[in-house]
Amino acid sequence: MQIHKFQLTLRVLTVGLMLTALFIVQGCDTESDDIPTAPAVTVDRMIEQGWGYLNDGMVDDALFTFRSAANAEASNLEAYLGLGYAFAKAQEPINAQKNLSNVISLGEVLIANGDLDATEAEVMFAESCAGQASIALSTQDFETVIEEAQLAQEYWDGDMNAQHRWLPGFTMQHVMLLESQAWFGLH
C-alpha cells in the first residue's frame with residue numbers, strides 16, 4: 001500500500017512538473033517587447049538622422065544628433081559638417097563657422113595620415129566652404145563670402161551640376177548667387 005501511495009505521489013509530482021514546464025515554455029514567446037528591432041544606432045545612422053532632422057526644421061534634434069555623432073567618433077567630418085549647418089540654422093554663426101572650419105582642418109590632417117580619400121574630402125570641403133559663404137553673407141562679411149564661394153567652386157571643380165549631398169537645392173548655382181550678392185554688397 002505504501003508503494004502504491006509512493007507511486008501515486010510520484011505521478012502527481014511528475015504531472016505537476018510537466019504542467020509547470022509547459023506553462024513556462026509557453027510563456028517564453030520568441031517575440032519580446034524587450035528585444036530592440038530598430039536599426040543599430042551607428043555614427044553613420046546618426047548622421048543620416050541629423051540631416052533628416054535638419055531638413056525637417058527640427059534644429060535642436062539635429063544639433064543633439066550631430067553632437068552625439070561627433071562625441072562617438074571625434075574624427076567624423078560629416079558630424080562637424082552637420083553641426084555647422086545646424087548651428088547656422090539656429091542662427092549661431094560663430095559656432096557654425098567653427099564646425100565648418102573643423103571639416104577642412106581635420107580633413108587635411110586625415111588626408112595627410114592616409115585616413116581619408118582626397119576625392120571624398122573635396123566634396124565635404126566644397127560643402128563646408130559653401131556653408132561658410134552662406135553664413136558670412138548672413139553676417140554681411142562680403143569678403144569672406146567671395147573667398148569661401150570661390151573655394152567651394154574650386155572644390156566642386158566648376159561642375160555646374162554640383163550640389164550638396166544632404167541639402168536639396170543647395171547647388172553650385174546657389175553658391176555662385178551668394179558670391180554675386182557679396183560682390184553687390186561690396187559696391
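Gln140 counts as exposed because its relative accessibility is 58% (exposed means over 50% relative accessible area, buried under 20% and partly exposed in between, with a 1.4 Å probe and protein chains only). Keep in mind that this is a predicted model, where local features need pLDDT of at least 70, side-chain atom pairs count only at pLDDT 80 or more, and totals for chains, interfaces and linings use all residues. Residues are numbered from 1 along each chain as its sequence is written, and side-chain values use heavy atoms, leaving out hydrogens and water.

Helices here are DSSP runs of H or I with at least four residues, numbered from the N terminus.

Now for α2, residues 43-55. This helix has 13 residues and reaches 18 Å from first C-alpha to last, close to the 18 Å expected (1.5 Å times one less than the number of residues). Its buried residues are Val43, Met46, Ile47, Gly50, Trp51 and Leu54. Seen down the axis, they fall within an arc of 135°, so they line one face of α2; the arc is taken from the directions from the helix axis to the C-beta atoms. Their cover includes α3 (59-72) and α4 (77-89). Gly57, with a positive phi near 80°, follows α2.

Last up is Glu148, which sits in helix α7 (residues 142-155). Leaving aside neighbours within four places in sequence, Glu148 is in contact with Cys129, Gln132 and Ala133 (contact means heavy atoms within 4.5 Å).

Terms used
Helices (H or I, at least four residues) and strands (E, at least two) are DSSP runs, numbered from the N terminus.
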